Every structure is written in structure tokens, then in C-alpha cells.
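Hi there,

Here is the structure I promised to pass along. Have a look at it first, and then read on for what turned up.

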Amino acid sequence: MKVVLFGATGMIGQGVLRECLLDERIDSVQTVGRSKTGAAHAKLTETERADLFSYADGEFGDADACFFCLGVSSAGMGEAAYSRVTYDLTMAAAKAFRPGAKFIYVSGVGTNEQGRQMWARVKGRTERELLESPLDAYMLRPGYIQPMHGERSRTGLYNALYVIAKPLYPLLRRVAPGQVTTTEAMGRAMIRIAFRGYPQKVLEPKEINNAAADT
């Protein structure tokens, strides 16, 4: 299986890349982003490009699956700007894959196209159009994500919070299993879906964890 991974330098993407490189069933991984991860592996190819909004027709036509982990916080952004880097960028990439390819999109808990929060509406529209596209698309809606193997957020404050929360994660998992997951589980769930699909097209944290446990 060939996988294309967007957002490999982000915290979630780092975890997903790790799981892809560890999984012997995946033959090759191509990362696409504005910068490279710097990782070295026999089955890893890194594509660095300044423009993530424009692709040749069928550019990723030989790929079996896309793991789309690219995203930004909506804090301080207007709806037009946030839509540009969330909806426009995602849909531009999606059109570069062949019909029927798995496209697994990292969304978020609370996504709702009719919701009151701007980010929820934008992600909701993105989800809907991916699900209506010729792709075999799945939406992952994580809540709190605990990094497990040294993955780091680009936001320093978040990294500090993750360090504080790590000893508490087992407790969080017991008392709120429907709200929390890990970078490891995100990667394993994506791989499970890429190979075998999943009964639901939209996965909340509980379903993400279930899929990860069933790889």
C-alpha cells in the first residue's frame, strides 16, 4: 500500500508517520508539506512544496490512501482566512487523488456545518464535501490527543500542557473514554481504515480508539 501524508511535521502527523513506518503492510509513505520532517527511512519519500493549493490532475493517482493531518487553529482568524487554509487547501489536495482512494481527514469533536462556532462550520462543510466526493472518505473527530512517542506541537504552551497531562492520561481514558485518544491511536486507526474501511464514515474519539485496537 502507498500512503500520502499531509501535515507530517505537526503533532498528529508525527504520530501517524511513526505508525506508518512501523507497519510492514505499508510499502511506501510520501509526505507532502512546506517543510520536510527530516526523518530517514527506506520507504519514506518527502515532497517539499511552497504551494499546497495547486496540484496536477491525478498527481497522487497511484496512491491507495491519503492521511490528511494538516490543519491550523482558528484562534485570531476570520472565517475567510480560516476557510482558505482549512476548506480550500483540503479540497485542492483531495482532487489530486483517484476516485475510490481512501481519504482520511482529521477534523475535530464538535464539528457541525450548522453550528455557532466558525471553525465547526468550516470543518463541517469540508467534511460534507469530502463525503460527497468520489473518494472513499472518512472523518476522524478527535478531542483531546495525548502525544505518546515524543511528538511535539508547534505551540510551546501546548507542549507544556501535554507534559503535565501525560501522567493523568490513564485516568482520563477511564473517566472520559469518549473524549480522549493518542497520537498512536490516530495513526493506527488511519491504517485500519486504509486497509479495511470502517462501518462508520465519521469517527468520534471512542470509535477512533476502537479502530486503533482492531488493526
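Predicted model: local features only at pLDDT ≥ 70, side-chain atom pairs only at ≥ 80, totals over all residues.

A residue is called buried when its relative accessible area is under 20%, exposed when over 50%, and partly exposed in between, using a 1.4 Å probe and protein chains only.

Residues are numbered from 1 along each chain as its sequence is written, and side-chain values use heavy atoms, with hydrogens and water left out.

**The chain as a whole**

The protein chain has 7 helices and 9 strands; these are DSSP runs numbered from the N terminus (helices H or I, at least four residues; strands E, at least two). The chain exposes about 10100 Å², with 52% of that supplied by carbon and sulfur atoms (Shrake-Rupley method, 1.4 Å probe). Of the contacts (heavy atoms within 4.5 Å) with a separation of 6 or more, 67% are between residues 24 or more positions apart.

**Two helix pairs**

Two packed helices are described by the angle between their axes and the distance between the axes. Axes here are lines fitted to C-alpha atoms over the stretch in contact, with angles from 0 to 180 degrees between N-to-C directions. Angles under 35 degrees count as roughly parallel, over 145 as roughly antiparallel, 65 to 115 as roughly perpendicular and the rest as oblique.

Take helix α2 (residues 79-94) and helix α3 (residues 118-132): their axes come within 10 Å and cross at roughly 15 degrees, so the two are roughly parallel to each other. Among the residues making this contact are Tyr82, Tyr87 and Met91 of α2 and Trp119, Val122 and Leu130 of α3. By class, the contact has 8 nonpolar, 4 polar and 5 charged residues (nonpolar: Ala, Val, Leu, Ile, Met, Phe, Trp, Tyr, Cys and Pro; charged: Asp, Glu, Lys and Arg; polar: the others, Gly among them).

For helix α6 (residues 183-196) and helix α7 (residues 205-212), the axes come within 7 Å and cross at roughly 70 degrees, which makes α6 roughly perpendicular to α7. The α6 contact with α7 has 6 nonpolar, 1 polar and 2 charged residues.

Ser73 sits in the loop between β4 (65-68) and α2. Ser73 counts as partly exposed because its relative accessibility is 45%. Its C-alpha atom is 8.6 Å from that of Trp119, 46 residues apart along the chain.

Best wishes
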